[in-house]
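Thanks for coming. I will take a few minutes on one structure, so please have a look at it first.

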Amino acid sequence: MLETIRTVARRDRRSVPWSNRRGMTSEIVRGTPTQSGAPSWRLSVASLRENADFSPLRDIDRIFTVVGNVGTTLHFADHDQWAAPLAPCAFAGEDSPFCEITTPTEAFNVMVERTAATASVTSLQVITRADIHSPVDSIMAVFVADGSGRLDRTRLTNGDCVICHGGSGVFRGSARLLIVEIMSNTGQPSLEPLGIATTPP
């Protein structure tokens, strides 16, 4: 079985405003603070209700994944990028694109403090069953973008997320999952630098 650290249901998330106050983010979980005071990593879901500039985030790498039915266009200073549904889009937080939408939607965000960690996001469609493996040298999150099912003994539905570390499990159901892997840059075998913050931000 997977070694579950925390399960966060959609109903348990709390919303916070963007740094530039142009939108709201529903936070799932954040890592322990780095020396700068910023979390080493953070998972959240942004509500995209209108065209808006993203907040510039210094020293942050982020992966943006639309979890609605319609994609968005990200306008960077030197190029435009189409962000299709469930297609992870990675960029530096300093680039802060202008996000153009055609209909209100949501986006799953992974943000890591560049000196502390790196991250990857994989989109996985499950028809009836999928094996999930969590490496012991990283933190993994399984986010249900659409559908429902059971991960080992945990029942999950749209918007729920499980954070785990180590072990293997089985997801049974019909769902589109986003599999997040967060790896420490410290070179230490311990995951302590990537631990989950125990107090609200």
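I will go through a sheet and then some aromatic pairs.

This is a predicted model, where local features need pLDDT of at least 70, side-chain atom pairs count only at pLDDT 80 or more, and totals for chains, interfaces and linings use all residues. Residues are numbered from 1 along each chain as its sequence is written, and side-chain values use heavy atoms, with hydrogens and water left out.

The sheet is open and has 4 strands, in the order 5-10-7-8, with antiparallel pairing. Strands here are DSSP runs (E, at least two residues), numbered from the N terminus, and two of them pair if DSSP finds at least two bridges between them. Strand 5 (52-53) and strand 8 (80-83) are at the edges; each has a single partner strand, so one side of each has no neighbour in the sheet. Strand 5 is joined to strand 10 (residues 98-100) by 2 bridges, and Ala 52 sits opposite Cys 99 of strand 10.

Now the rings. There are 3 aromatic pairs in the structure. Rings of Phe, Tyr and Trp (its six-membered ring) pair if their centres lie within 6.5 Å; planes under 30 degrees apart count as stacked, over 60 as edge-to-face and the rest as tilted.

One of the pairs is Phe 76 with Phe 91: the centres are 5.3 Å apart and the planes at 75°, so this pair is edge-to-face. Phe 76 lies in the loop between strand 7 (72-75) and strand 8, and Phe 91 in strand 9 (residues 89-92), so the pair ties together parts 15 residues apart in sequence. Phe 76 is buried at 10% relative accessibility, and Phe 91 is buried at 8%; buried means under 20% relative accessible area, exposed over 50%, partly exposed in between (1.4 Å probe, protein chains only).

Phe 108 and Phe 143 are stacked, 4.5 Å centre to centre with 25° between the planes. Both Phe 108 and Phe 143 are buried.
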